[in-house]
Amino acid sequence: MKAITLLGSTGSIGTQTLDIVAQHPDQFRIVGLAAGRNVEMLAAQIRQFKPSIAAICDVDKLPELKEAIADLDSPPILLAGEEGIVEVARYGDAESVVTGIVGCAGLLPTIAAIEAGKDIALANKETLIAGGPVVLPLVEKYGIKLLPADSEHSAIFQCLQGVPGRGLRRILLTASGGSFRDLPVDKLANVTVADALKHPNWTMGRKITIDSATLMNKGLEVIEAHYLFGLDYDRIDIVIHPQSIIHSLIELQDTSVLAQLGWADMRLPLLYAMSYPERIYTNWKQLDLVEIGSLTFKAPDHEKYPCMQLAYSAGRAGGSMPAVLNAANEQAVALFLEEKIRFLDIPRCIELVCDRHASDNCSTPSLADIVAADRWARQEVLTASEDLSRGDRLISLR
């Protein structure tokens with residue numbers, strides 16, 4: 001039975017991870033849980049899975065959480081705040097930590113888990129996008145396994161099993177195309193938050209759904225793939241695959257191409273990361289190619305999805321630039337979700353912030369440098385959004 005700690009237990013990654021644990025109680029047990037601010041759901045998870053330690057990021061919610069489980073005979077250690085999340089990540093005998101916290105907030109807890117010698121089931125792509133220059137040396141130093149738990153990188157990882165070290169030639173990341181894949185580019189100016197949150201294939205959190213609509217999620221995955229698999233950016237491509245059945249592909253040196261297929265179900269890559277190198281039997285619906293009927297592909301439209309090229313440029317710049325890109329995107333998406341900027345302002349804000357960071361890009365950033373770049377970029381997006389707003393007002397007056 002593998003001991004698991006779960007960070008981000010009340011989000012979509014967290015609830016699907018716990019669904020796996022509930023289905024396979026003979027395979028997994030929960031050591032620690034960490035959540036954001038959903039007291040009711042976290043309390044229910046504590047009751048069901050009986051962790052040794054739990055934390056809620058919102059400090060003000062800790063008294064409510066304590067009261068919600070006050071009747072338990074053996075309650076877990078309860079902590080709060082970012083420090084509490086970090087403590088859960090490093091705590092006890094957990095062999096693997098599933099990192100389901102959204103955004104750069106997952107970086108410090110992931111580092112704490114690595115330094116405690118725990119394998120990482122990586123469902124938080126920002127850990128490598130922002131922190132790759134710091135995280136990868138720690139992975140090597142502590143000898144832990146960094147196992148991708150998102151569908152695309154899990155697909156690549158699964159396809160690579162048994163491939164010789166120098167056998168990989170190219171990576172092809174598949175993308176659904178997001179909420180606006182069938183919408184003409186000239187219609188994007190007037191899309192709403194509600195429109196952007198209608199993903200055709202997946203049920204995900206709000207932030208990642210917007211990233212899918214801009215295709216920034218795929219650009220970020222390009223950077224993550226670079227760190228995970230060691231290929232340069234010229235050998236990592238994106239292809240639109242609306243059915244989301246092929247989760248990604250690899251091309252080998254002899255031009256042979258391997259693909260991993262499955263229904264659009266995040267539990268499969270999560271299960272593989274949690275159980276690796278084992279394959280655990282499930283009663284989930286089996287893939288039926290006849291039912292699918294056809295699989296289609298097309299090249300991404302760079303005019304429609306400018307965030308892709310922003311990500312490639314940031315990845316090639318390296319250093320602290322990917323951290324700035326990631327933070328700028330998080331802040332711009334937050335502003336869009338709050339209806340403070342328009343959909344097309346997301347890439348415009350990100351590009352302005354990355355351009356302003358170019359002269360200060362740190363080629364070999366420390367953790368402190370990455371944290372500082374992240375903090376600066378978030379604030380700079382607010383300035384950039386105001387600059388864009390002023391510019392639009394000036395244009396309207398002409």
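How many bridges join β8 to strand β9 (residues 236-240), and do the two run parallel or antiparallel? The views below take up this pairing and others. The model is predicted: local features need pLDDT of at least 70, side-chain atom pairs count only at pLDDT 80 or more, and totals for chains, interfaces and linings use all residues. Residues are numbered from 1 along each chain as its sequence is written, and side-chain values use heavy atoms, with hydrogens and water left out.

**View 1. Strand β8 beside strand β9.** 5 bridges join β8 to β9, and the strands run parallel. L172 has D237 of β9 as its bridge partner. Strands (E, at least two residues) and helices (H or I, at least four) are DSSP runs, numbered from the N terminus. Two strands pair if DSSP finds at least two bridges between them.

**View 2. Strand β8 beside strand β10.** Strand β10 covers residues 246-252 and is joined to β8 by 4 bridges. These strands run antiparallel. I250 of β10 stands opposite I171.

**View 3. Burial of strand β8.** β8 spans residues 168-175 and is mostly covered. Of its 8 residues, 6 are buried (under 20% relative accessible area, 1.4 Å probe, protein chains only).

**View 4. Helix α1 against helix α2.** The axes of α1 (residues 12-23) and α2 (residues 39-49) come within 12 Å and cross at roughly 20°. That makes the helices roughly parallel (angles under 35 degrees). Axes are lines fitted to C-alpha atoms over the stretch in contact, and angles run from 0 to 180 degrees between N-to-C directions. T15, L18, V21 and A22 of α1 meet M41, Q45, Q48 and F49 of α2. Contact means heavy atoms within 4.5 Å.

Conventions:
Buried means under 20% relative accessible area, exposed over 50%, partly exposed in between (1.4 Å probe, protein chains only). Angles under 35 degrees count as roughly parallel, over 145 as roughly antiparallel, 65 to 115 as roughly perpendicular and the rest as oblique.
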